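Student: I'd like a close look at one part of this model, please. Pick a single packing contact, go through it carefully, and then link it to what lies around it.

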Amino acid sequence: MSDSTFEPVIIGFTCNWCSYRAADLAGTARIKYPPNVRLIRVMCSGRIDPTFVLKALSEGADGVLIAGCHPGECHYLEQNYKALRRHRLLQKTLAQFGIEPARVRLTWASAAEGALFAEEIAAMVNEVKALGPLNWPARPLPVATAPAEIPKLSEVAA
Amino acid sequence: MSKPKFAMYWAASCGGCEIAVLNIDEKVLDLDANFDVAFWPAAMDAKYKDVEAMEDESILVTLFNGSIRTDENEHLAKLLRRKSKILVAFGSCANEGCIPGLANLSPREQIFERAYESPSTENPNHLRPQAACQVPEGTLTLPPLQAVIRTLDQVVEVDYHVPGCPPESHQIAAILDVLIQVVKGEAELPPKGAVLGAGNSTVCDECARKRDVKVIDKLSRIQELPQLNTTDCLLEQGLLCAGPATRSGCNSRCPNVGAPCIGCYGAAPGVLDQGARLMTAIASVVDANEPEAIDRVLNGIPDPAGSFYRFSLAHSLLRANREALAEEP
């Protein structure tokens, strides 16, 4: 159900050392890419817990991009391999929830690859546009969780 | 002074929670000595209309086990909330959805198909349960199945949480002791929203097995392994164990006897989504860096959603399969 006016919201997690700098380079080099991605910088792609991805998807994102340093070039030696493993495991799990693989994309970009990073974003935006909105139904919040004062024994047991 | 009232109710559950309560042995006499059991369908006869006739907040404490699967479950959750001063989500179903919550991976129609049309089911007339059915004597009704399973705290306000499938009996006995002290004025209630009868760490923390290499190169099901040694971490021996993401409180019962933790005590403290945290933990220790090699290890998990969210699906961030959620009003 693709809608020509649909602009997906994509949350992009980028690592401090490579992919965020790639995005930065794309900016300073004035390379154009679609404005659908909201970037969040983390220290390393190995910091990305699937929780972050699920939280984004369940609270309104249509897709999530995870970007790290190329394999073998991680600032923290091999944490980007953890990102790779988690991504593959998460994809298998998401399939059972009915979430298409294109909505959660893993990519590598070095600090010099501003143009490539922009291309990746453009490609992802196109793919998610073709899939249409995710519109995950809101999770019912625990009912009334405001910490009430603790009832006194006498009141409770009366 | 008359004794305060106690109630226990089962919604979508198996009855194991009631058995766990009875497993406190002679301590159940303390329950009887200090409380007037006002409503407990598993243990004594009672009618819903008797509960409806009670004054609001006239029950001191209700242990509510089971998740919210049908309109009847929801009605009773709301009714018992109104009639109880303290409502406790008791057991994994009420807290996280538990095994019944796994039905959230299938839309309702698939659930009916599985239950009433599967090859092992004898149903030549293709009968399905109906919300209402006309018979000569009048109309018979059944509570309709809701689109997805919800947990108690997604339906009404909950005062305390007691995790576990079922909660361990020694923990139940300890909770009962505190409750009796409260009634006698010898103790104060814990802060509202507290998790009772469980630890503040993970199952791994309580597990005596030795963690050594902290990597896994193959994941198997227990029946596929020739032999398990009795001292080393089960995860390292190639079994998917939910210990790293699961709340402590059971004294690591299953791993102690050579069965991996399946996660029944729910998310560890501070964990928003038990399954996601378990995925993080498992993927971190997979000993492979190439996509194909990674997949070879991960293919040892035939049902990832069912394995990572075995007990917590209904309370997870996504809650259910997209198609099933779409039917929710």
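Tutor: Let's take helix α3 of chain A against helix α11 (residues 291–298) of chain B: they pack at an angle of about 50°, with their axes 10 Å apart, and are therefore oblique to each other. Angles under 35 degrees would count as roughly parallel, over 145 as roughly antiparallel and 65 to 115 as roughly perpendicular, with oblique for the rest. The axes are lines fitted to C-alpha atoms, for helices over the stretch in contact, and the angles run from 0 to 180 degrees between N-to-C directions. Helices (H or I, at least four residues) and strands (E, at least two) are DSSP runs, numbered from the N terminus.

Please keep in mind that this is a predicted model, in which local features need pLDDT of at least 70 and side-chain atom pairs count only at pLDDT 80 or more, while totals for chains, interfaces and linings use all residues. Residues are numbered from 1 along each chain as its sequence is written, and chains are lettered from A and ligands numbered from 1 in the order in which they are written.

Back to our pair. From α3(A), A:Leu84, A:Arg85, A:Arg88, A:Leu89 and A:Lys92 meet B:Pro291, B:Ile294, B:Asp295 and B:Leu298 of α11(B); being in contact requires C-beta atoms, placed from the backbone, within 7 Å. These residues divide into 5 nonpolar, no polar and 4 charged. In this scheme Ala, Val, Leu, Ile, Met, Phe, Trp, Tyr, Cys and Pro are nonpolar, Asp, Glu, Lys and Arg are charged, and the others, Gly among them, are polar.

On the α3(A) side the residues are A:Lys82, A:Arg85, A:Arg86, A:Leu89, A:Leu90 and A:Thr93, and α10(B) answers with B:Met279, B:Thr280, B:Ile282, B:Ala283 and B:Ser284. By class that contact has 5 nonpolar, 3 polar and 3 charged residues.

Now step back to the interface between the chains. It takes 35 residues from chain A and 44 residues from chain B. On the side of chain A that touches chain B, the elements giving two or more residues are α2 (50–58), α3 (79–96) and α5 (153–157); the largest share, 11 residues, comes from α3(A). That side of chain A has 21 nonpolar, 6 polar and 8 charged residues.

What about the partner chain itself? Chain B is divided into domain 1 (5–97 + 151–184) and domain 2 (203–315), with bounds from an automatic or database domain assignment. Their centres, taken over C-alpha atoms, are separated by 31 Å, and their contact takes 11 residues from domain 1 and 11 residues from domain 2. On the domain 1 side, helix α5 (residues 92–96) of chain B gives the most, with 3 residues. That domain 1 side has 2 nonpolar, 7 polar and 2 charged residues.

Chain B also holds an open sheet of 5 strands in the order β2-β1-β3-β5-β9, with parallel pairing; strands pair if DSSP finds at least two bridges between them. β2 (36–39) and β9 (160–162) of chain B are the edge strands, each pairing on one side only. β9(B) is joined to β5 (residues 84–90) of chain B by 3 bridges, and B:Phe90 stands opposite B:Val162 in β9(B). Helix α4 (residues 71–83) of chain B packs on the sheet, touching β1 (5–10), β3 (59–65) and β5, and its direction makes about 135° with that of β5(B).

Most residues other than glycine have a negative phi, and most peptide bonds are trans. B:Lys214 has a positive phi of about 55° although it is not a glycine, and the peptide bond from B:Cys165 to B:Pro166 is cis, with omega near -15°. B:Pro166 is found in the loop between β9 and α7 (169–184) of chain B.

Technical notes. Two residues are in contact if their C-beta atoms, placed from the backbone, lie within 7 Å.
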